[in-house]
Every structure is written in structure tokens, then in C-alpha cells.
Amino acid sequence: MRLRLGDAHVAWALRPFAWLAVVLPALIVVFIAAEAAPVLQLEGALAFLTDARWAPTSGVYGLGPMIAGTLLSGALALALAAPWAIAFGLHVNLFAPRWLAIGGRAAMRLLAGVPSVVFGLLALTRLVPLLVARHPPGLGVVVSAVTLAVMILPTAALAVDAAVAQVPREGPVAVRALGLGTWDGVRAVILPQAAANIRAGLLLALGRAAGETMAVLMVAGNTVQYPTGPFSSFRTLTGNIAVEMSYATGLHRSALFVSALFLLAMVLALAVFDGRRT
Amino acid sequence: MTPAGRDRLAGVLLGVAPVAALMLVALVVVGVGLDGAPEVHAAFLTEAPTQAGRSGGIAPMLAATAWVLVIGIGTALPPGLAAAVYLAEFAQGGTRMVRVALDVLAALPSVVYGLFGMAFFCELLGFGWSVLAGGLTVAIMILPLFVRLCEAALVAVPADYRAAGAALGLPRWRLLGRVLLPAASPSIAAALVLASGRVLAESAVFLFTAGASTRTPHGLLEPGRVLAVHIYQLAVEVPGGGARAAATALVLLVGIVATTSGAALLPQLLLRRTAA
């Protein structure tokens with residue numbers, strides 16, 4: 001369809017705003033990369049992976065412990081949140097009485113709006129005191145994973161909900177006609193058909209977990225070390241930036257932008273993976 | 001086990017999930033309310049903090065939050081709406097790259113926006129730690145969400161309206177101004193409110209761009225500590241700040257719930273008015 005004269009002018013005037021969306025991510029990546037460049041040129045990207053120590057003021061820049069911390073806390077959070085999210089999406093669509101479907105969805109939307117610092121605060125004041133007697137100071141992997149799981153739960157649950165709702169109803173109806181029940185329909189039809197969208201939703205949630213800063217910062221303990229056990233203090237890539245940025249200068253500061261680059265690479269890899277599959 | 005038996009069992013086991021979600025909401029409300037409610041009174045909202053926030057109020061944080069909210073939403077609205085109008089009404093193919101870019105923007109962690117804002121607005125443009133830098137950075141952060149929602153709002157306008165416009169020989173831009181935008185305005189308003197919720201909940205972006213000063217910002221280029229950052233500072237940096245952190249969280253939660261339930265109700269309210 002071709003646009004008429006006046007419309008063509010309006011389209012021409014509006015087009016730059018749409019392209020702004022393309023310019024902005026490019027600009028962001030360029031700026032982060034430019035700030036990271038000095039230390040990358042000096043040390044090479046590999047040094048950030050091979051060094052096990054992080055002592056930026058002495059020129060030692062190993063990000064391995066932080067990358068491990070981000071991956072571990074994200075994976076644990078997803079392992080906790082995914083079953084909950086999948087059960088939620090199946091139940092509100094197929095099993096729940098009306099009040100519970102409406103109430104459950106409203107609850108998830110409310111939770112999605114709760115600031116991450118509030119989850120961090122609740123973890124500090126309600127969860128950590130339960131652990132502190134046995135595993136002082138109570139901070140570390142377990143609390144972080146639980147906090148993150150609660151944080152990403154609404155993203156994952158609402159995505160699974162939408163994925164299940166999208167599956168055409170004919171399949172389950174056919175399963176019923178065979179004398180089987182709703183659960184049989186879930187296994188035979190709904191889960192296979194919704195699988196791709198469910199996976200996309202869970203990957204989105206994993207990206208959220210990897211990118212979360214403040215909540216984990218409050219409960220991780222933030223020691224630079226490979227996490228060794230459930231109550232080991234650890235640090236994430238995002239936490240590394242937040243802890244040190246306020247006083248970092250020169251190459252140290254540049255190294256924090258390298259942290260951000262690694263984080264960007266991880267999150268974008270997830271987004272690409274997700275885009276390729278769906 | 002019979003099919004009906006399997007269904008009953010599945011219904012009960014899977015039902016734990018939505019019930020637990022409701023309990024989690026209760027836990028958040030009670031967990032914040034128990035510590036926070038006794039601390040919230042009129043003076044808490046109108047006074048400046050003293051003793052690093054252990055006493056006094058949160059008035060400067062309310063002001064800083066209002067600043068970044070107005071700047072962020074005000075900055076994101078015009079280009080966001082223009083992009084959405086282009087994508088929904090005027091684009092003739094070739095928008096795949098724009099959509100991919102919007103997805104990438106939406107996937108970026110907020111700390112990355114924060115670092116970008118710090119390097120670009122605070123340092124390169126010389127805004128320093130300021131509510132202006134914070135507001136502009138958060139505007140970029142909410143842009144993809146806002147464009148997506150506005151585009152969906154325009155696409156959802158019934159096809160009859162467009163057909164009627166075409167039958168009258170109206171150019172598309174006239175149709176847009178007279179019919180499509182007014183018809184989509186309730187959903188666009190809801191999109192604004194949802195984006196506001198995002199701004200209110202954000203902390204990492206503002207820690208890097210607006211700073212953590214407890215003074216009241218009186219201008220665009222002054223630093224300010226938003227409510228979410230105040231909660232973090234009180235909980236982590238101030239020994240004995242827990243109760244005040246919970247009180248601040250309570251105020252913030254009430255603000256967010258009031259805004260977002262507004263988002264749910266707004267379309268109905270506005271539609272009723274235009275229908276009357």
C-alpha cells in the first residue's frame with residue numbers, strides 16, 4: 001500500500017524516532033566499550049577470564065569469580081522459580097476456580113511491580129535472621145538465590161501463563177473425547193505446543209536474574225571468591241560494579257566497565273539464543 | 001489412576017503455585033508493614049532526614065523521586081509515541097531491525113543503563129550527578145516498554161475505524177489525529193502509568209546518575225536520592241536503619257500500587273467519559 005502525499009511527509013517526519021530505538025543500544029554499547037577500552041588494550045580480554053584474583057588497584061583483574069557468581073545465582077534462582085512458574089501457568093489456565101485464577105494473576109502483577117530493593121530489604125530483615133545463628137553472617141548463595149527467584153518469578157509465571165493461554169483448545173478437547181482428562185491433555189498437547197514460548201519466558205527471567213543489581217548486592221556478602229558452598233559469600237558482575245564504582249578511578253574504573261561488557265555479552269547471548277529458537 | 005483422579009491430583013499439586021503467589025504478596029505486605037507502619041506519620045513525609053536517616057523524614061527523597069519521574073516520563077513520551085505511531089501506522093516494511101533493537105534495549109540490565117547514563121549524561125555532557133541525568137537515563141530505559149505498549153494500543157483500535165476513514169477519503173495522518181489517537185488514548189495513558197511504575201521501582205540507574213545526596217534537589221542539575229536508593233542506603237549503609245528502610249519501602253509500595261491499579265482502572269474510566 002502506498003502512502004498519499006501528506007502521509008508520506010508525516011511518515012518521513014516520524015521515521016527518525018523509530019530509528020532512535022536502533023541508535024540507542026548501539027550508543028550504549030559503544031560508550032561502555034569505550035570506557036572499557038583502556039584496560040582491555042593493556043591487559044587483553046583473556047586476562048579477565050584467566051586470573052582468579054581481583055585486585056584492580058594492583059593491576060590484577062580476574063572476573064572469573066564474579067562470572068561464576070552471576071551464573072550460579074541466576075541458575076539457582078531459575079531452578080527455584082521455573083517449576084513454580086510452570087505450575088502457576090498451567091493451574092490458572094486449566095485447573096483453577098475463577099477466583100484463584102484472577103487472584104493469582106493479580107498477585108503476580110503486583111509482585112512484578114515491587115522494587116528489587118524491597119525484596120532485598122525483606123531478605124535482609126526476614127530471611128537472614130533465620131540463618132544467622134547456624135551460618136553467620138547468613139548472607140551468601142542461598143539467600144541470594146531465594147531473593148532472585150522471588151524477583152524473577154512474576155516475569156516467568158506471567159510468560160508461562162501467556163504461553164499456555166496461546167495453545168489452541170482443540171487439542172485438549174480431542175484428548176477429552178478419547179476419554180482422558182485435562183492432565184493428559186497437558187502432557188500430550190499443551191506442554192509440547194507451549195514449550196518454545198515457555199522456554200523463551202524462562203530465558204527472559206534468567207536474563208533478569210543475571211542483570212539484577214541491588215537485591216543481590218544487599219544479600220550476597222560481596223566477597224570476591226568462587227562460591228564454595230550454600231552459605232559462601234560471593235559477588236556478581238553487577239554487584240562488582242555497584243560496590244566499587246563510587247571510588248574507582250583510572251584503570252580500576254575501566255575494569256568495572258569490562259564487568260559491564262561481560263554482563264552485556266551474557267544477557268545479549270541469552271536474547272539471541274531466545275530469538276533464534278522462537 | 002483414572003483420568004479424573006489424575007486431574008484432581010494435578011489440580012491440587014499445581015494449585016500450590018497460585019496460592020503461594022497470594023501468600024507471597026501477603027508476606028511482602030506484612031513483612032514491610034510490621035516494621036514500617038509504626039514509623040510512618042505526617043512528619044515522616046514532610047521532614048528532611050536526620051542522623052543519616054535514622055530519624056526525621058523522607059521529604060527530599062519524595063522530591064527527588066518526583067523530579068526523575070517527571071523528567072523521565074516527559075522525555076520518553078514524545079519520541080516513544082512518535083515511534084509507536086510510525087511502527088503501527090506508517091511503516092511499510094523494513095521495521096524488523098527497529099523491533100530487534102527494541103528487544104535488545106528491553107533486555108539490557110538496568111546497571112548498564114546506569115553506567116551509560118553516568119558516562120554520557122553525567123560526564124560527557126557535564127550534568128554531573130543530577131536529577132536531569134537520572135531522568136534522561138531512565139527515559140531511555142522505559143522507552144522500549146512504552147513504544148511496545150503504545151504500538152499495541154494503536155493496533156488494537158478496531159479496523160472499522162480505519163475503513164470508515166478510508167471510505168471518507170481521509171489522509172492517514174488526519175485519521176490518526178481525529179480518530180486513532182483519541183481511541184487509543186486510554187491504553188496510552190495506561191502505558192504511561194506502567195512506565196511510571198518502572199521508574200519508581202528503579203534504583204541502580206539512579207545510584208549511578210542522580211547520586212545519593214540527602215539534600216532536596218531544587219533544580220535540574222542538582223543531585224537527589226530517590227526513595228528506592230534511600231531504602232538501599234538505610235538497609236545496608238546505616239546501622240539501625242532497618243525500620244526507617246521498611247517505612248520508606250511502605251511509602252514507595254503504596255505509591256506504586258496506587259499508580260499501577262490506576263493503570264488497570266484508567267482505560268475503563270476514560271472510556272466511560274468519552275462514551276458519555
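## Tour of a predicted two-chain model

Start with chain A, which reads α-α-β-β-α-α-α-α-α-α-α-α-α along the sequence. Helices (H or I, at least four residues) and strands (E, at least two) are DSSP runs, numbered from the N terminus. This is a predicted model: local features need pLDDT of at least 70, side-chain atom pairs count only at pLDDT 80 or more, and totals for chains, interfaces and linings use all residues. Residues are numbered from 1 along each chain as its sequence is written, with chains lettered from A and ligands numbered from 1 in the order in which they are written.

**Whole chain A.** Show the C-alpha trace. Along its principal axes it spans about 70 × 70 × 30 Å. Chain A has 278 residues, of which 51% count as buried. Buried means 20 or more other C-beta atoms within 10 Å of the residue's own, exposed means 12 or fewer, and partly exposed lies in between; C-beta atoms are placed from the backbone.

**Domains of chain A.** Select 5–50 for domain 1 and 65–277 for domain 2. These bounds come from an automatic or database domain assignment. The two centres, taken over C-alpha atoms, are 27 Å apart. Where they meet, 10 residues of domain 1 are in contact with 8 residues of domain 2. Contact means C-beta atoms, placed from the backbone, within 7 Å. Now pick helix 1 (residues 5–43) of chain A: it supplies 9 residues, the largest share of the domain 1 side. That side has 9 nonpolar, no polar and 1 charged residues. Nonpolar covers Ala, Val, Leu, Ile, Met, Phe, Trp, Tyr, Cys and Pro; charged covers Asp, Glu, Lys and Arg; the others, Gly among them, are polar.

**Backbone stops.** Go to the loop between helix 5 (116–132) and helix 6 (141–166) of chain A, where P137(A) lies. The peptide bond from P136(A) to P137(A) is cis, with omega near 0°.

Next, select N222(A), between helix 9 (214–219) and helix 10 (237–244) of chain A. Its phi is positive, near 65°, in a residue other than glycine. N222(A) is buried, because 21 other C-beta atoms lie within 10 Å.

Q51(B) counts as exposed, with 11 C-beta neighbours inside 10 Å.

**Between the chains.** Finish with both chains shown. The contact takes 71 residues from chain B and 70 residues from chain A. Select helix 1 (residues 3–36) of chain B: its 20 residues are the largest share of the chain B side. That side divides into 57 nonpolar, 9 polar and 5 charged residues.

How values were computed: Contact = placed C-beta atoms within 7 Å.
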